[in-house]
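Please have the sequence and the structure open as you read.

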Amino acid sequence: DLGSMMRFKINLTDHPILSKSLWSLLVLFVFEVGKNIPLPYTDAESAIKGAYSIKALTQATGGNLNQLSLFSLGNGPWMTAMIIVSVLQQSKSLGLSKKPQRVMTQIQFGLVMLIAALQATVSVFQINFTTGTDLIKFENEVVLVAGAFFVMWLSNMNAKYGIGGIMFLVLANIIQSMMGTILTVVQRASKIPAGLLMLIVGGLVALAFLTWLSVMMDHGEFRVPLRRLLIDNRYSEKSYLPIKLTPANGMPLMFAMSFASLPVYLFAFLKHFLPHNRIVLWGIVNFQLTKFWGVTFYVGMIFVLSMMFAFINIDPQKRAEEYQHSGDYIPGYRPGRATEKYLRQLVWHFGLFGAVYLTIFAGLPMYLAVGNPTLMQVMMLPGLVLMTIGFGMMMLDQIKSLMVQGKYKTLL
């Protein structure tokens, strides 16, 4: 009856973790349903052949090109658009940082549309249709683009009502991908030579160590002492600004995977119109993750994005302005430019440390897959582990915050 429904609603309101978890489960259910809605007039087997780099990178960004479906593109177009917009906002000459949020959202949506259309077109090029008319191909492109926007909407809904923010669906997809890779290795263990099997076991041990190290690195932080004028003197000495050893966390890896697929898609698109162009043919071959230049581009993106996200997560200029306006200060440094310079040096040092750390553990193993496509997904496991740990720790922090929030009751 109505009374029991009202009591259920009130109970959910009193338990934010439960209500947010239910929302996330609902979002995940819709996402899984969408992944199993096939594209019309397609031969699903055609998507499994070739395109190793694109398929692997797409899986790491919430998509799945192994199974042609409504959500095959995943969050990849959105992530790539966010990176481009973030870079453009850093440019003072463009003046985008002063634009209203509404304008920036429109620019981002336009980029998502453009990138999704590019990826959808290239994907359609590689699909065998049961009815191969141009209209059918165009319809499938529209469906893929619409699916990308729907996944973006689902992620935003989870960020607003659920747990895990906008990356929850990506995390779910990554865990599925990791489990699939590990399961494949285990299933083939009986056919693997003893020496190679020992190497694989050693790799799994290394992954376990990397998991432990990632947790330790996530908890490690440098505490910058703060003096807050509006806080009681008994507590002001305990105030500090925490800067993690890896300020960017696992975000650069996910965005690097998304951005690394862009040249592959772009050259594949150009090949349709310039089938004999040497530069296009060279790009298609060499920007794969099984080639030296493709891996080098991916590793470079990890390093660059690690530094960029470090300065985005802890914006020295913004922090210094906030402290100056509120009257807070860092002992030994004058408010304003001196504080900004000091914070910029700290972010640079820890950002560089985090960039080197992610590059070594997530990037360098990919060179072992150069010339060997069968090893590519295995060599991606360290990066996927770092991403999973990073997002997992963010979810735990959110849950802890909700638990603290649940201990307080309203006054009215």
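## Helices α10 and α11

In this predicted model, the crossing of α10 with α11 is left-handed. Helix α10 covers residues 251–273 and helix α11 covers residues 278–286; their axes come within 9 Å and cross at roughly 140 degrees.

Which residues meet here? From α10 come Phe267, Ala268, Leu270 and Lys271, and from α11 come Ile279, Val280, Leu281, Gly283 and Ile284. Sorted by class, the residues of this contact are 7 nonpolar, 1 polar and 1 charged.

## Helices α5 and α6

Now look at helix α5 (residues 101–125) and helix α6 (residues 134–161), whose axes lie 9 Å apart at an angle of about 135 degrees. Because of that angle, α5 counts as oblique to α6. Their crossing is right-handed.

On the α5 side, the meeting residues include Phe109, Met113, Ala117 and Val124, while those of α6 include Lys137, Leu144, Phe149 and Met152. The contact of α5 with α6 has 12 nonpolar, 3 polar and 2 charged residues.

## The nonpolar cores

How many residues does the largest nonpolar core have? It has 77, and Met167, Met254 and Phe255 have the most contacts inside it. Helix α10 gives the largest share of this core, with 13 residues.

Apart from its neighbours within four places in sequence, Met167 is in contact with Met79, Met82, Met251, Met254, Phe255 and Phe391. There is also a second, separate core of 13 residues, among them Val224, Ala310, Ile314 and Tyr342.

Note on methods. Residues are numbered from 1 along each chain as its sequence is written. This is a predicted model: local features need pLDDT of at least 70, side-chain atom pairs count only at pLDDT 80 or more; totals for chains, interfaces and linings use all residues. Side-chain values use heavy atoms; hydrogens and water are left out. Axes are lines fitted to C-alpha atoms, for helices over the stretch in contact, and angles run from 0 to 180 degrees between N-to-C directions. Helices (H or I, at least four residues) and strands (E, at least two) are DSSP runs, numbered from the N terminus. A crossing is left-handed if the near helix is turned anticlockwise from the far one by less than a right angle, and right-handed if clockwise. Contact means heavy atoms within 4.5 Å. Ala, Val, Leu, Ile, Met, Phe, Trp, Tyr, Cys and Pro count as nonpolar, Asp, Glu, Lys and Arg as charged, and the others, Gly among them, as polar. Angles under 35 degrees count as roughly parallel, over 145 as roughly antiparallel, 65 to 115 as roughly perpendicular and the rest as oblique. A nonpolar core is a set of buried Ala, Val, Leu, Ile, Met, Phe, Trp, Tyr and Cys residues joined through side-chain atoms within 4.5 Å. Buried means under 20% relative accessible area, exposed over 50%, partly exposed in between (1.4 Å probe, protein chains only).
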